[in-house]
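Subject: Structure handover

Hello,

Here is the structure I said I would pass on. My notes follow below it.

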Amino acid sequence: MADYIIAIDQGTTSSRAIIFDKKGSIVATGQKEHEQILPKAGWVEHDASEIWRNVQEVIGLALGRADLTRHDIAAVGITNQRETAVVWDRTTGKPVYNAIVWQDTRTQDIVDRLAAEGGVERFKPIVGLPLATYFSGTKIAWILENVEGARAKAEAGDLMFGTTDSWVLWNLTGGADGGVHVTDVTNASRTMFMDLETLEWRDDILEAFGVPRSMMPEIRSSSEVYGTAESSSLLRETPIAGILGDQQAATFGQAAFQTGESKNTYGTGCFLIFNTGEEIVHSKNGLLTTVGYKLGDGPTHYALEGSIAVTGSLIQWLRDQLGIISSAPEVEKLAEQVDDNGGVYIVPAFSGLFAPYWRSDARGAIVGLTRYANKNHIARAALEAVAFQTRDVLDAVNADAGVDLTELKVDGGMVANDALMQFQADVLGVPVVRPVVAETTALGAAYAAGLAVGFWNGLDDLSANWQEDKRWEPSMEDAERDRQLRLWRKAVTKSMDWVDDDVK
């Protein structure tokens, strides 16, 4: 009998395979990082072929560590970095260019060109998203406009597009030999091409971007059997039955199924999602309107999202670019050696500012430096930047929802950092709550797959699995919180208006 579900979590910095049991507990994990390719300032790429090789390897690692085979696995779920764009040849199966990552800002000229008619909110009433370099639509357009021969191949129907869920699924189900070309509604809602009401690609928007419809995957629900793993896979004949973009998957893994429930995920970026139920709510405060989940033939659930580009990747920057730390956990040790940030604030607008500002002209800034400041203050300011950005987004959520959140559920790699979580509670003024299983992104994908094959009977089963692990209560005085927020927002203004004709 198959007693387990395996989730493939294809993330920004690594690919993982995690095996879960019926209680939603982790049985085994395989993980492998892939190269971050940075050809120019503002350009971020991944080798999609490397990602696929790593996915196959981590599946083997997880199965081996659990001493399981495909016969023990009831279904496969996939979750992924949502806006990262892969374009590949349907005959050879080879990408025509590196995957362009969601953090990449090279497509600003395409954004400006499209915004010349109707502004950055030209398509927002239909797709829920402003024109921005963040989303995959402009990345596809860039590849077609800049990779030699790509436009002609696309027009001939020889190229396929997918976010990394589609890329993994296509390869897992056979690739050029009959692979399934599908994405789910949550990933489709991040392209700028899907109508939120009909859940179909909009031909008029595809035409405006110059993207042939033949490239696009079929849009399906988040929980159904899309196909089975092909014969050479370690998971051969196992159904692939769930797909959720990473932030929607984390929300699902947090059992935030009902209207008004929310979560914040601390990963490469930070993403706060607020469930609006079956209602499409258009933000007036800089949030995105997106699809939360759709289970089979059930109703579509929507959400408001606040997307922050740089949080965990700021700590990576301290490690890899500055050499201040040699491993991510060291940042907490450095930060704890000082009582405060020494007047230092870091605004990590490496890819511009995302929610709620949406300022593509912003770039990273460190302000308030004096000779008193040292690497401990820099480390503390980096952690605090994560919490301050989350406060900005939560303020926007409260304004759009019309009711203040009373606590924040959190997950992702950074929630192991006690100093960060305490400061987060302090700067929000509400409790922060971590679940027992913090790997909620992979868990959400496992849940979606398990529901599709009857491994779990319904949402009540999943809600029963959720357990609180730790809670941080706010302890900062109101006056100090107000002072810190005032200085943070002053720092944010210093990052704006940097990019112009001379600086890209």
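Which residue in S16 is the bridge partner of Val291? The partner is Tyr302. Please keep in mind that this is a predicted model.

The sheet

That pair of residues belongs to the contact between S15 and strand S16 (residues 300-308), which run antiparallel to each other and share six bridges. In general, the strands of a sheet are paired through backbone hydrogen bonds, in a parallel or an antiparallel sense. Here the two strands are part of an open sheet with seven strands and mixed pairing. Going across, the order is S15-S16-S14-S13-S19-S20-S21. At the edges are strand S15 (288-294) and strand S21 (468-472), each of which pairs on one side only. On average, and with direction ignored, neighbouring strands of this sheet are turned by 30 degrees against each other.

Salt bridges

The whole structure was also searched for salt bridges, and 33 were found. A few of them are described here.

Arg16 and Glu439 form one through their side chains, with an N to O distance of 2.9 Å. Why does Arg16 count as buried? Arg16 counts as buried because its relative accessibility is 12%, and the cut-off for buried is under 20%. Glu439 has a relative accessibility of 26% and therefore counts as partly exposed.

A second salt bridge is local to a helix. Asp395 and Arg391 are both in helix H12 (residues 375-401), four residues apart, which is about one turn of the helix. Their closest N and O atoms are 2.9 Å apart. Arg391 counts as buried because its relative accessibility is 16%, whereas Asp395, at 28%, counts as partly exposed.

Next come Arg106 and Asp104, which form a salt bridge with 2.8 Å between the closest N and O atoms. Are these two residues buried or exposed? Both Arg106 and Asp104 are buried.

Finally, there is a network of salt bridges that links Arg82, Glu83, Arg190, Asp246 and Glu305.

When you open the model, you could begin with Val291 and Tyr302, then follow the sheet across from S15 to S21, and then turn to Arg16 and Glu439.

Regards

How values were computed
Residues are numbered from 1 along each chain as its sequence is written. This is a predicted model: local features need pLDDT of at least 70, side-chain atom pairs count only at pLDDT 80 or more; totals for chains, interfaces and linings use all residues. Side-chain values use heavy atoms; hydrogens and water are left out. Two strands pair if DSSP finds at least two bridges between them. Axes are lines fitted to C-alpha atoms, for helices over the stretch in contact, and angles run from 0 to 180 degrees between N-to-C directions. A salt bridge is a side-chain nitrogen of Lys or Arg within 4 Å of a carboxyl oxygen of Asp or Glu. Buried means under 20% relative accessible area, exposed over 50%, partly exposed in between (1.4 Å probe, protein chains only).
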